[in-house]
Amino acid sequence: MTERVNPHELDLKEKVVYINRVAKVVKGGRRFSFSAIVVVGDGNGYVGVGLGKANEVVNAIAKATENAKKEIIRIKLSGGTIPYEVFGKFGAGRVIMKPASAGTGVIAGGPVRAICEMVGIRDILTKILGSSNPHNVVKATITALEKLEDPATIARNRGMTVQELYSS
């Protein structure tokens, strides 16, 4: 599956995907708090997503970043794109990701774009289906990327060589 990674060994960048203001109605009026979704990655195959909640935006982002660093996983890439088409689902959020030829760029919406850029994907075609809720879309994207395996692993599992895998 996916191995866990030590975040201190990587040169991580962070990107805020979504900030939500939540109001709790109390006797004296409304109390506002914030939730934030943050993606961290090194641009070279490592990515993590975290959610943080706090009474201030800065604290919510800081908590989300810490959570994201704890959830870093390795994604198998093929050059600047993914090796094959993959589908991810979480709740009602669904994401289709297709490899693209060099020079295409990252064709993706909001949360999917942030994750693709943090992973280091330079050319990809994506589509969000169903719910566009950022929480579900982010988790569906990570689920899709976790399914990816490199051609050598697939060939080994099938008892083939990489050349046989591509020739059939």
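User: In this predicted model, what makes the contact where the side chains of Arg 113 and Glu 117 meet a salt bridge?

Analyst: The nitrogen-to-oxygen separation between the side chains of Arg 113 and Glu 117 is 3.4 Å, and since the cut-off asks for a Lys or Arg side-chain nitrogen within 4 Å of a carboxyl oxygen of Asp or Glu, the contact counts as a salt bridge. Both residues belong to helix α2, where they lie four residues apart, about one turn of the helix.

User: How do you know that Lys 15 forms a salt bridge with Glu 117, and what does the pair tie together?

Analyst: The closest N and O atoms of Lys 15 and Glu 117 are 2.6 Å apart, which is to be set against the limit of within 4 Å, so this pair also qualifies.

User: Which residues are linked in a network of salt bridges?

Analyst: Lys 15, Arg 113 and Glu 117 are linked in this way, and the structure holds two salt bridges.

User: Why is Lys 15 called partly exposed, and how do Arg 113 and Glu 117 count?

Analyst: Buried means under 20% relative accessible area and exposed means over 50%, with partly exposed in between; Lys 15 has 30% relative accessibility, so Lys 15 counts as partly exposed. Arg 113, at 32%, counts as partly exposed, and Glu 117, at 32%, counts as partly exposed as well.

Conventions
Residues numbered from 1 in each chain as written. Predicted model: local features only at pLDDT ≥ 70, side-chain atom pairs only at ≥ 80, totals over all residues. Heavy atoms only, no water. Buried < 20%, exposed > 50% of the residue type's maximum accessible area, 1.4 Å probe, protein only. Helix = DSSP H or I, 4+ residues; strand = E, 2+ residues; numbered from the N terminus.
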